[in-house]
Structures are given as C-alpha cells and as structure tokens.
Amino acid sequence: MEQKCYIYSPDDSDERASKRRRIACAAGWSLREQLYGEFWAPLEHRIQTQSTLEEADSTTLEKIIKFVSGAVVAPDRQEAVIPTGLILAGSSIASHRSFFDRLGRKIVLDTGSTFVLLTSGECLNLKALVKSLIKKLTSRVGGNDDEEDEEDEEDENHTGNVSRIGPKLRDYDLVRLQEWYSKTKVDSIVVAIQDSEAFDFSVLAEMAELLSSWMDRLPFLLLFGIATSSESFQSNLSGAALRLLKGEEFNVTQADDIFEKIFCTTVGSPEVSLYLGPDLSRRLVDRQKDHVQSVQDFSDAVKYAYMCHFYANPLSVFLSQSLAFGEMPHDVWEATRNLPSFRRWVNTLLEDGRAKEVRRLLESDRYLYDNIKHHIASGQTAMFKLVSATSVLAAIRVIVQKVPHVPRSSLYIRSTSGELNGSPLIREMLLMLSKVSSDTFSSVLTSMELLQNSYVPIDIAVYRRELDALIKRNPNSTPLRSQHDVKNNSLRTTIVAQKVQLSKHKSTLSELDSSYSELVRRFHDDVENYFEETLIDPRDLFLSEILLYDLKSPLSEVFAPKPRFAIERALSSPHDYLGCDCCSSSEGALSGTQPVTAILYQLYLESGSIINVNDLWMAFHAIIGEENDESESNAMALFEQALANLKFLGLVKESKRKADHISKTTWKGL
Amino acid sequence: MLPDELLETLNDQFPCRELQIRRLSALYLPPFPSPRTLIVHGLEATGKSSIVKGVLETSSLPHAIISSRECLTGRHLFERTVASCLDALDAHSGYKIDRKPYCRCENLNALVIHLRGMLEGRERFVLVFDGIDSQREAPPTLLPALARFGEMIPNLSIVMIVTVPHPRYFYQSGIPYLHFPPYTRDESIRILSRNPPQIFLNAPEPALEYTPDLAEEDNLWVWSRFLAAVWDALAKNAARDLIGFRSLAEKLWRPFVQPIVDGTFGTRDFSRLMVHRRGLFQSEECLIDSIVPRSPILPPTSTTTPKTGPSILHDLPYYSKYLLCAAYLASHNPARTDSLYFMQTSTSRRKKRGGGAPKTRVSKTPKARKIPRHLLSPSPFPLDRLLAIFRAILPDPVPQTADIYTQIATLGSIRLLVRTGMADVLDAGGKWRVTFGWEYAAAVGRSVGFEIGEFLAGGVEG
C-alpha cells in the first residue's frame, strides 16, 4: 500500500536554521517602530475621518434617511408596494460595505427603523435569504430567541408545556418576524441589499413578491446598492417584480472626486511629517485612476510606504525630534556618511573650500549629529514651504479663470519633483494674475486667507486693506481694471500710403485704476518671489532620503504583484530563477539541463492552439536525449510528469475535437 | 342561499361579480353539503381570493386560508396549514385544542392524519389554498393529493385558487370549477370609477363658490371619461388587468388634469383637454415599469428628441473600461476574424461596413440576410481571448499585474461579465460572456476615446 499521508515530527532540538539577515544595521528598530506609530496615526485618523465625511456624502445620507423616515406608512396598508431606494454606490465594490455599515448605524440612530444588511454570499436562494434576514433581525433584540435549527426532534419530549405552542415555526417563516415585530414595534424594517448585481435576479424578484405579500403585516423597506446603473439593474428584474417596488434613487459621490480631496488633505497637505516623493505619488494616483478606486486601498498603500520608510531605513530615527545624541544607535553615523546626499553636500562644501568642516563631519559623530539635526529641521521647513506653495498655487489657479484645470494631486507631484519652478503653469498663472480685475483679486485674497496651516509670507491683510480703500473710492459699480488687461488696449488701424499700420493704444486709465494696477503689480511681484523662493527641488536637499520617501518597487511588489508573469517567466527562462551554470551558456535556448516542465513549456509556446502529443513527445525526447542520454522509458516518465504539471497549472486540457491532441488554453504575455 | 342583504353587501364590495358570489354562497352555506373540492380559477386580479374570503367570512363556516406565496417549501405549507386550521378551530369553537400531537408535519401523509384528527366529530371545515399552483418546492403529488383530501376526511372541503386549471393537475374528473373571467372594459371602468382621484389637490378657495360636492362631481365626471380614454388608447392592449389599468391611469392622471389645475380648460372641457393632452396617450413610455417613477413627459409636437445613451453615472477605472470593450468585442466578433481586426502588424485595418462591398444591383436581394453582429446575442469566449484583445486595443502597453485580473473579478461580481456554465472556478477552459448591450459598450468605449464600432466585425449600421 502506498502511504497516503504521514505525520511530520521535527526533532526537538532548537537548532533553527540560521537565517542570514540582510538587514545591515538593525539598530534602533524599536525606536523606529515607535516613530512609525507617531507619524502614521494622525494621518490614518485624517484619512478615516475625511473619507467618512466625503464618501458617505452626508447629503446623500440625509436624503436616504429622509426617504426612510418618510416612507413609514400607516399600519393598515392596502397597497402591496414596497418602498424602495436605489443607491448608486459606484463601481468600487470594496467600499460598499463601509458605506452600508455607516448608513445602517445612521438609520438606526436617526429613525425608528431597524436595519438589516444582506449580501449575495449568504443569499443563494430565497430560503437562505429569508433565513438570514430573520436571524439578523431577531438576534439583535432578544438574543435568546429561538436558536434551534431544524433539529426539532428531541425537544418534543423534553418540553412539557409545548402543547399550546403547536407546530414549530420553520426558521424561514416570516411569522417569526411578525412575532418579533409585534414585540418591538419598529417604524419600518429596512432591508439593504449590498451587492444587488451579484444576486441571482430571480431570487430578488421572488423576494420582492414574498415581502410584498407581507406588507400588510410587516413594514418592509428595501435599499439596493447598485454598482452599475439603475437602468441596467431594472432591466434585469421582471416587470411583475418592478411593479411591486416603488421609490427613489440616490447617488453617492464619485470615487475619483473623493480621492482627490483625500489626497489633498492627507498626502498633499503641508502638515504631514513624512512626505511622499513624486514617483511614488504618481504611482499611487495612477493606480487609483487606472485600476482600483478605493480609499481603503489608498490608505493601505500610504501606510505601507510609511512602514517601509521607518522599518527599512535605519536613518529614519533622525526624524524624531526628541532623540538626544547618546540615544542614537551607533551605526547610523557611518550609514549617514554613505548617503548620496551627504556626498553631494560634502562636495559642495569642498568646492567652497571648507575642507575643515568636512573633516570634522567625517571624524566627529557629535558634529555630524548637530549638523543632521539642523538640516532635518531646515529640510522639513523647506518641504513645508514647498507643499504650502503648491496649495497656494492650486488656490489661485482655481480663482483665476481661463487656465485649464490641473488637479491638485498632479501639482503636488510636479512640485515635489522640482519641475514647477519657472514652469509654464506658474508663468501662465502669474500672467493671468497681473490682469485680474478687482473683484477677482478680492476673491484671490479671500482664498489665500482661507488657506490654513500654510506658509504664506505675503501679508494678505495689507493688500486687503488697500484694496478695500480703493474699492471704497470707486464711484461706479464696475470693478477696477488692471493696466495689463488686454481689454484695455485697443487696436487702431491707420492707413498710411496704402499700408495698414496697426498700433496699440492704451485706453486711458483713471487714477483709481492706475493705483489699483500698482497694487496688483506689487502683489504679482510678491507672489513671483514667493514661488521663486519656495519651489525648490527637494531631492537636492541634504538628507532628502530621510525627508522624502520615494521608492516605488516595495510598493509595486506588494500591491501589484505579477503572478502570471512570474509563472511564465519561471517556465520560459528558468535560468533567471535557478542561476545555475549549466543553463547560463544557452540563454533563451532550450537545453536538456533545464527542468523538464520548463522544456515542455517552451515547446508548448512554439506550437499552435492544438498540439499533437506525439509530436510534443518527439521534440521533448530529442532535447532530453541529446544531453542526458536517458533511456526512453525514463524520458517518457519525465515527459508525463511535465505534462501533468502543465495540466495542473491549467495550461493545457484535453481536446475534444481531435484524438491524441491537447489544446492550449493560455498564451504567454497576457 | 345567504340572506339577500348579505349578498347585497358583498356585491357592493366586489362589483361585477354577482354570478360568482351567488354560486360560492350557494355552495358554502352551513346546513347544506358542500363540494369536497372546488377549483376557483381565473387570471390575475380578477377578485378570486378576496371574494372567496368574503363569502366564507359571511357564511360563518370555520375556515382557514393558506397563501402559497408566503410558504417557501412544501413542508412550510403543511405546517402553516396545520397551524392555521388549529387557529381557526380554536377561534370558532372557543376553546383551545391541545396542540401537542400536531407538532410536526413533514409530508402529505402527516397532513392527512393531522387534519383527520383535528376535524374528528366536528362540523364542516373549509380549507382554502390560495395560489397553490405556484407553490415553491412543492412535492410532485401535492395537487392530486389535495384534491382527494375530501374523500379521506368527510367533513373537509378544499378550495384551491389557481390561475389556469389544467385537468392533468388533479388526476381526477368531476371536480367542480368556478371561473372568474377577466373584467371587461365597462366593468373595469365601472370598478375604477368608484373612487375617483382629486383634480385639485388643494381645496378650492371658498370665494369661488366651488363646493366640495361640486368638486366631487367633477372629479367623477372627468375620471370616468379619462378611464375610457386610457383603456381605448393603452390599457386595452397593454394593461388589461385591473391593477395594471389602475396604476397606468394613476400615472397619467396628474399630467392629464394639469391644464385644468392651471386654469387653461374648465372641468367640463373634456374633448378639448383630450386633444391638448393627446401626446400622453401616444407615447408608450408610461407602460414601462420602473422602480423610480418617471413623470410621463409630453413629447414635443414636432419630432422626437434624440435619444441619449444609457447614463453611466459612476465611472469605472480606466482599464476596466478597456476590459469591457475587449469583452464586448470578444463576445460579438467571431474568433476567426481576430487576426484581421487586432493584429498589430496589419496597419491598415479593413473596415468593412455593412458586411460587404456596395451592391450595384439593388433589385436582387441577397440570399441570406446578414444580421449585424451587435444585434446578435453575445457568445462565450475564453479568458485569454479577452486578455489578448484587451492588449491589442490598448493604446499603451500595461504590465501584467494582478490589478488587471482583480478588475476582471470585480466586473464579474457586478455581473457585467459572467461565467457561462457552472464549471469549476479554477477550470482552465472556463468561458465568459458579457451581459451588456451595444449602447453601453459604445458609451464606455467613447469615454476612453475608443471607437468600438471600428473593430466590430461586419460594422455597425444605424
């Protein structure tokens, strides 16, 4: 007999295989873990609250609540129509759960209704649906309600007073719910279907019929969560079911709008303490747009980035504000001296002829510590100014018309990559700014006043005061114009000796207008200087590796794995994984030394959609045979094993069309 | 026979059903024997259940009504039956029956035993099964067995309410039938005219000398004429039953009387109002059922407005849209034309429109008319074909990340793509199919700047 299974009992010796740790300097790990906690927690909190505020979209929630409380009907209803709300919740089905949870809590709190959430997994048929509906409702109140399942055999004998109870109710009998309802007297029973599309539509239609027949006794109300559109949802239900449902539809805010807001208030906000670099941010934003639209996913990605920074980079301890020299781990100094930004900085120092300082930096840890401390502080200020400038730019661009809309996230990405200074975006904005009329200028000032927690050295209040004074002096209602406004110029054509001469003429500006122009010009210069000063390339800063996290690969490895690519690569070029000597000579070519499955897979790649097994075997044998000189039976065994492996991987299956053939089910590179 | 005044009340409650009420009340009158089994049949909304219930209630016979709509399984039905019979007997006789013997009722046999036990030595009992022909998970012998219950239990009468009686249901002849025919035009209008809705939602000002009595009279006058118009225009063909007719009339009522409320027409200007609002009866929008009530909008007098495509309120991610386009193409293009449409090397794609070269001779009709592919039902395709087309139509290459596969799974769970055949999920040869139509696919494609019609074999017409 072949042994089917065996018990694995490792010997008790505690000799664990010594794992070679690749962490060069693991020092200060606990410090960094603590730091990570300090840095991540406020950001996470902000993402959570923000997403709650925006995504739940309080107006939509309010509307639904209003609908639910308005739909409460008189107890003696004749109409068998169920009030129904269609909630268009968007295609990011992962976020539906949290939305419905919030909705449920709010409904229970704000109205006298009770709330049940059903998902497609627990409702494969009508019976299961009603069962879970009853279970969820009744267990919430009593807790000790009838818990017994279909096993009603034994209790018949034990219970002496059963005589009055009579036939036991099935656990899918809505009479149970009626008894429960008579005890609780809720206003309505809100049944929310979280993923309506995933349901079998016949189940939904049957549910509608069943619930509507109970509408004269139980006040049901249905909410459907819909990912596509209400038209496509309704087109799947039968007319009879549709006639039983009447209600409204509600729209939840679009996922990408929410994402933009959340990005601005979290990663793109000046207040965060660890900034994400441009490459990483671009990756995050693109991923949201192209693949998934979920706030949770974004939050996870940012969290992972923080973790990577603090757990994998020993130098991140320097971000701690309170750490004294003595508490620092020892090996960080040497690590710091190897940083590219350190070298760059030292080089500039040397160019300035400050060799002594450089020597001290290299020799004295204490001196290095002081310098690091200083540079971290100044670097953080610079980053703060940079991101503030981005938000100022975004705010002004929104107000000043006639410039194309650029999302804030993309501005952030550009600014952190140092592209923004002197870019067409800035120039265009400054040009428009010099032309604004007084009312637009006023709103620009207002929006800059509203920017909280940002670095704005320009004294807005002064401008505001002067502008107010000018407006007060303005006798007519038209806004003051700036002299740079093109509308103030008029083209004049004069014909001199049959040639047309075009000449620009400034229309005469009033005294008020010219003083207003002066004001705008000053403001324009201030803003220009401000951008000039703040928009630096953060990667030029000393210790930018610590201030800015910008590694893409850890994130893409974890969040965008390539399972299919990995399998295909392993099979088609096994050398990449094995790294053995025997195969390296024949790069990309078949050789008998490769694993047999890999050989067969490469043959498989060369063939068409239907493969003759005999041909495959011949080719396989030719390769195996030429190197190893194996016997045919051995080779056949290897061939069968390899083929079984391919089948196990789902790459081939038997062909029904032709005998002795297998059909190819996958193609490489898809 | 029931006393005349009781009959009168019943007739008043359920108009246009004198014959059926008279027959039922003759059959179920306490001192006289009742038929063991009666089949009451008729289409939806013909008053079967309510009239049976009304007659039994007036006749003071002990009875129980079991609605099959509320019973999910056969066993559920049996236990429901036992419980309601016990309740009815308790209520009728005034003392409690010991329910201990009736705890369980798994099958038809147990039901017979229980019913026999509880009806032993009692007077006649009527058991009504409402909608028994659409019982879920019913045992196959349910209907014939129920039809013979009366033979086994002498003092039990069974009434079965079904939509369409089929003689083969019961394996028995000689069962009396009672037919409830659908209401005719006049009957429908008569029934619905009994409670006309208001023309003026707000009470008229007393200064106008328009008393509530006058308003009531006007309501009835306009409503009955309006009902006739609705019946002739729409309901005759599309909403013949009473409920459908009523809901249709209610849907059209407010827009119809709007000119009266606005003061354009008087309440008695029915013919002018009719002409003015004829658009309501011409468009058939209101016949389409929908959860969200849409107001029947009068079509503009000149031409119909250009139809807007299905609204895609919620944006899908960029690659999901391309996946949907690829899936649509994979479902509608024959696989052998793929190399023609999607090969990267063939730069000049053949854009055949209308399935062939322009025909020179118009008179000769082609032997087999080709149906444009987007009008055909989608055919299943393997997953790799979808991915291959996806990569062929994408303007830029995309890495083979798991995100793509996740999106396919997401699209599958919101049922835009479905797996055909209930095969194993891990089966390599699993096939997929799209569930959306041409308009949706074209709108999705257009939102990413991809003209799907250029890639559809045979082109798109119209």
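The first topic is the orientation of helices α12(B) and α15(B), which are roughly perpendicular to each other, a label given to angles of 65 to 115 degrees, with under 35 called roughly parallel, over 145 roughly antiparallel and the rest oblique. This is a predicted model, in which local features need pLDDT of at least 70 and side-chain atom pairs count only at pLDDT 80 or more, while totals for chains, interfaces and linings use all residues. Residues are numbered from 1 along each chain as its sequence is written, and chains are lettered from A and ligands numbered from 1 in the order in which they are written.

Helix α12 of chain B spans residues 318-332 and α15 of chain B residues 402-413; their axes come within 10 Å and cross at roughly 65°. Axes here are lines fitted to C-alpha atoms, for helices over the stretch in contact, with angles running from 0 to 180 degrees between N-to-C directions. Helices are DSSP runs of H or I with at least four residues, numbered from the N terminus.

From α12(B), the contact draws on Y319(B), S320(B), L323(B) and L324(B); from α15(B), on I404(B), Q407(B), I408(B) and L411(B). Contact requires C-beta atoms, placed from the backbone, to lie within 7 Å.

Let me turn to the partner chain. In chain B, 52 residues are in contact with 64 residues of chain A. On the side of chain B that touches chain A, α4 (74-93), α12, α14 (383-393) and α15 each supply at least two residues.

Finally, the domains. Chain B is divided into domain 1 (4-180), domain 2 (185-287) and domain 3 (318-355 + 370-455), with bounds from an automatic or database domain assignment. The centres of domain 1 and domain 3 of chain B, taken over C-alpha atoms, are separated by 55 Å.

Key
Two residues are in contact if their C-beta atoms, placed from the backbone, lie within 7 Å.
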